Amino acid sequence: MLSRGTLRRPLAAAAARLARAWARPQVLAFLATGPRQDNSVFYEIRTYDIKPSKMKEFVEMANKYFHLRSAHSEMVGIWSAELGAMNKVVHIWKYDNFAHRAAVRHALANDKDWQGKFISPALPLVEKQYNEVAYLVPWCQLGKPPKDGGVYEWVTFQMKPGGPALWGEAFQAAINAHINTGYTKLIGVFHTEYGFLNTVHVIWWNESPDHRAAGRHRAHEDARVVAAVRDSVRFLESQQNMLLMPLPCSSLK
């Protein structure tokens with residue numbers, strides 16, 4: 001017959017295992033691939049492919065009437081592609097949460113000026129629309145260029161599945177290595193929540209395309225940049241970039 005002491009030992013061991021199991025999610029939460037920030041703010045990235053013969057007309061209409069759209073929610077910026085893509089317009093909108101976006105979309109649908117002056121005449125000019133919802137990565141705050149003018153580089157990284165728990169640290173190191181060279185200004189790093197998952201969009205500002213080219217040349221000869229990039233590309237599936245020009249109506253000039 002087993003003594004009480006003999007019975008208590010496995011019961012105590014089982015209790016200890018149960019306590020560790022309950023504690024484990026708190027440890028693993030650090031590695032979670034859920035929301036990348038403490039608040040519910042997110043950014044909607046909208047990309048429009050414009051009919052080649054209608055690009056000038058679309059841009060003119062946007063410059064004239066986009067103030068009607070930005071009256072409803074905060075615009076981060078709107079750009080047209082100069083290199084890396086053609087006849088493409090990209091714009092970003094900030095929302096406090098998904099209920100905020102739903103309310104804004106409802107208000108826009110009922111805004112007669114916006115619908116009549118921009119949406120109705122603009123839709124025939126558009127070939128395709130695509131949108132994504134993204135969060136700023138937690139180690140990045142939305143930046144602004146040091147002055148008006150200049151150009152924006154939009155780099156899209158398709159990372160391996162697994163989220164920031166897999167590649168976040170190496171990716172951050174590669175971004176910081178470029179920042180530390182001083183030739184470019186980081187505007188934002190966005191990680192997708194809806195759209196193609198494990199996609200990261202990085203926006204840089206440069207004084208000019210030639211200034212960017214010279215800076216990139218120096219960066220490629222910097223041992224710290226080379227080492228950080230080599231470590232990060234282990235998690236990279238593909239990469240694409242565009243040179244963007246801000247529209248006159250853009251919040252970021």
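Start with a charged pair: the side chains of Lys 128 and Asp 49 form a salt bridge, with 3.7 Å from N to O. This model is predicted. The pair links distant parts of the chain. Lys 128 belongs to strand S4 (residues 126-136), Asp 49 to strand S1, and 79 residues separate them. Lys 128 is exposed, at 52% relative accessible area. Asp 49 has 16% relative accessibility, so it counts as buried, the limit being under 20%.

Asp 49 has another partner. Its side chain also meets that of Lys 88 in a salt bridge, at 2.5 Å from N to O. Asp 49 sits in strand S1 (residues 42-50) and Lys 88 in strand S3 (residues 88-95), so this bridge ties together parts 39 residues apart in sequence. Lys 88 is buried, with a relative accessible area of 17%.

S1 and S4 run antiparallel and are joined by eight bridges. Here Tyr 43 stands opposite Ala 134 in S4. Ala 134 also leads onward, standing opposite Thr 192 in S6. S4 and S6 pair over four bridges, again in the antiparallel sense.

Is strand S6 mostly covered or mostly uncovered? S6 (residues 185-194) is mostly covered, with seven of its 10 residues buried. Its pairing with strand S7 (residues 199-206) is antiparallel and spans six bridges. Phe 190 stands opposite His 201 in S7. The two strands form a hairpin with four residues between them. In the turn, Gly 195 has a positive phi of about 115°. In a regular strand, side chains alternate between the two faces of the sheet.

The largest nonpolar core has 35 residues. Those with the most contacts inside it are Ile 92, Trp 154, Phe 171 and Val 202. A second, separate core has 27 residues, including Phe 58, Tyr 65, Trp 93 and Leu 125.

Which residues does Val 202 contact, leaving aside neighbours within four places in sequence? They are Glu 153, Trp 154, Val 155, Phe 157, Phe 171, Ile 175, Leu 186, Gly 188 and Val 189. Two of these, Trp 154 and Phe 171, are also among the residues with the most contacts inside the core.

Glu 153, on that contact list, has a charged partner. The side chains of Glu 153 and Arg 212 meet in a salt bridge, at 2.8 Å from N to O. Glu 153 lies in strand S5 (residues 151-159) and Arg 212 in helix H6 (residues 209-220), so the bridge ties together parts 59 residues apart in sequence. Glu 153 counts as buried, at 5% relative accessibility.

Salt bridges can also share partners. Such bridges join Glu 44, Arg 46 and Arg 101 into one network. Across the whole structure, a search finds nine salt bridges. Side chains of opposite charge can pair when their charged atoms come close.

Conventions: Residues numbered from 1 in each chain as written. Predicted model: local features only at pLDDT ≥ 70, side-chain atom pairs only at ≥ 80, totals over all residues. Heavy atoms only, no water. Core = buried A, V, L, I, M, F, W, Y, C linked by side-chain atoms within 4.5 Å. Buried < 20%, exposed > 50% of the residue type's maximum accessible area, 1.4 Å probe, protein only. Contact = heavy atoms within 4.5 Å. Salt bridge = Lys/Arg side-chain N within 4 Å of Asp/Glu carboxyl O. Pairing = 2+ DSSP bridges.
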